[in-house]
Amino acid sequence: MTDPLLDIQALSKSFGALRATADVSLALVPGEIHALIGPNGAGKSTLIQQIAGGLAPDAGRVILDGRDVTGLNTADRARLGLGRTFQISALAMENTVLQNAMLGSVGAARNAWRFLQPVMGDARLRKQAEASIERVGLEEAANTPVSALSHGQRRLLEVAVALTLDPKVFLMDEPMAGLGAEGTARMTDFLGDLRKEAPILLVEHDMDAVFALADRISVLVSGKIIATGTPDQIRRNDDVRTAYLGDEVLP
Amino acid sequence: MLRERTFNIVAFLALPLVASIALALDEPFIISLATRAAILALAAVGLNLALGLGGLVSLGHAVFFGLGGYAMGILASHAQSYVPLDLGFIVIEGTKSMPIIWLVAVVVSAATALLIGLLALRTAGVYFIMITLAFGQMFYYFTISWPAYGGEDGLSIYVRNDFPGLNTLDPIQFFGLVFAVLAAVLWVMGRIERSPFGLALGAARQNAVRVETVGLSPFRLRLVAFVISGAVTGLAGALFADLNRFVSPTMFSWQMSGEFIIFIVLGGIGRLYGPVVGACLFVLLEHLLSGISDFWLIYLGTVLLLVVLFARGGVIGALSKPDATHD
């Protein structure tokens with residue numbers, strides 16, 4: 001197997017007596033979608049936070065493209081190629097769709113220190129932002145303020161902003177949530193193609209989407225990874241069945 | 001109803017219009033009122049970058065206003081007494097030149113804003129308000145207890161400072177100078193709002209995590225905004241001192257900081273011309289109402305209350321309709 005682009009090594013995090021993340025190791029290799037699933041309260045959000053840089057682990061390391069980023073903050077990790085989307089949309093609500101995407105282009109160009117040129121007049125940044133919006137199919141809403149978008153459209157915009165960064169690795173937290181059947185199908189197709197550009201660590205509750213998309217699946221239960229494998233292996237795994245029994249039905 | 005852009009132009013041109021009429025009617029006091037409004041507007045335009053666009057509610061912007069004022073007072077007092085300022089390692093002649101005084105005011109305010117920002121911007125919300133307030137009070141009490149430049153009594157400058165080619169003692173010429181500075185700063189602020197920096201700063205106010213996720217540091221964006229903001233308010237301080245030919249610790253008082261916030265809220269938070277409309281309205285009300293009653297602030301309070309309750313977009317938001325959509 002090729003070297004992983006994102007390598008999570010023995011991450012641990014406790015809150016008092018609660019071990020939210022217990023010795024978690026995960027790897028993301030080029031070209032794959034690696035899904036992280038687990039029942040509610042398994043510690044997915046805590047794990048994601050540690051990978052993205054919002055929360056410092058007690059032990060373990062996060063290696064991004066061969067570089068130890070454990071001590072770096074969210075912005076540094078983003079600059080090094082971590083493209084993140086959020087479960088609960090984190091967008092500039094008063095700004096338009098295009099402005100949000102432009103913010104991504106500004107970040108990607110690492111140049112927010114221009115004070116007198118109008119940002120919207122920067123043809124290069126604008127082209128990049130418009131291309132990302134078009135890829136997720138939001139071009140008709142380009143001048144709509146985010147506050148007027150539907151929940152599903154906000155999800156798409158989250159992905160579009162991540163695209164402007166041209167990241168080495170995507171970290172997506174429930175991109176299907178609230179999309180509806182048709183939206184989920186489109187997003188599934190889209191992510192299926194996107195993996196060729198950069199691998200995706202996908203946290204998702206929609207099991208149909210996960211089993212349709214993922215090259216590998218890791219199952220997180222009570223802060224521990226209890227199984228990692230192909231969708232077939234996971235489907236047949238007894239521990240996984242036990243953990244999910246009565247909770248969600250595996251497809 | 002006028003479009004916001006048209007409303008802004010009308011409101012902005014009201015100042016020179018009032019000054020011109022006052023000139024025609026030979027009412028120098030009205031000209032000096034208009035000058036005062038323009039200077040206070042400038043101070044609040046500075047704050048508006050931090051508060052309106054950046055979401056940083058600074059209750060300490062009087063620090064920069066006062067520093068600008070004392071930069072003028074100290075330099076001019078040494079010039080008028082012909083006693084150079086001996087700092088031990090360097091001897092500074094005083095100066096009566098406005099451009100030099102402005103430069104000193106801007107540099108000192110910006111440097112101070114950098115130091116205050118480095119500490120205060122590590123906090124947010126109420127703590128940020130309290131820390132900026134605390135810095136303001138430190139400067140206030142320091143100037144009160146520092147006898148060299150008048151202490152509590154303040155410092156008088158007998159003749160207004162010079163600007164090349166102008167007679168600054170002529171009220172209308174000084175007004176013209178102040179108005180030109182205000183117009184220039186508004187132009188720059190308008191550009192900043194639309195720049196990549198402005199976009200990122202505004203986004204950091206709305207959602208700091210979003211800005212981090214695209215690889216930008218909200219802290220640095222806010223720090224730079226705070227420095228620019230402080231520098232502009234400092235420049236206003238130097239002009240204010242020159243208008244009154246007097247500097248006192250009052251310029252550092254927290255009431256001063258509060259007034260700047262009131263101008264912004266009155267006119268409309270985050271609107272480029274908000275502080276201008278707010279400051280003009282404030283000076284107008286002060287002039288009209290203080291003649292009626294010593295307790296005119298009660299009426300001002302009522303107006304402010306009505307604006308906050310019923311016109312969240314401030315006076316501009318209430319009296320104009322949105323511009324046609326554009327980017």
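1. The radius of gyration is taken here over C-alpha atoms, and the globule rule against which it is set is 2.2 Å times the number of residues to the power 0.38. With its 327 residues, chain B of this predicted model would have a radius near 20 Å as a compact globule, and its 20 Å agrees with that. Along the principal axes, the C-alpha atoms of chain B fill a box of roughly 55 × 50 × 40 Å.

2. Chain B contains 13 helices and six strands, where helices (H or I, at least four residues) and strands (E, at least two) are DSSP runs numbered from the N terminus. Of the contacts in chain B (heavy atoms within 4.5 Å) with a separation of 6 or more, 78% are between residues 24 or more positions apart.

3. Buried residues (under 20% relative accessible area, with a 1.4 Å probe and protein chains only) make up 54% of the 327 residues in chain B.

4. In chain A, four strands form an open antiparallel sheet in the order 2-1-4-5, two strands being paired if DSSP finds at least two bridges between them. Strand 2 (18-28) and strand 5 (67-68) of chain A each have a single partner strand, so one side of each is left without a neighbour in the sheet. Strand 1 (residues 6-15) and strand 4 (residues 59-64) of chain A run antiparallel and are joined by five bridges; A:Gln9 has A:Arg61 of strand 4 as its bridge partner.

5. As the model is predicted, local features need pLDDT of at least 70 and side-chain atom pairs count only at pLDDT 80 or more, whereas totals for chains, interfaces and linings use all residues. Residues are numbered from 1 along each chain as its sequence is written, chains are lettered from A in the order in which they are written, and side-chain values use heavy atoms, with hydrogens and water left out.

Key
Buried < 20%, exposed > 50% of the residue type's maximum accessible area, 1.4 Å probe, protein only.
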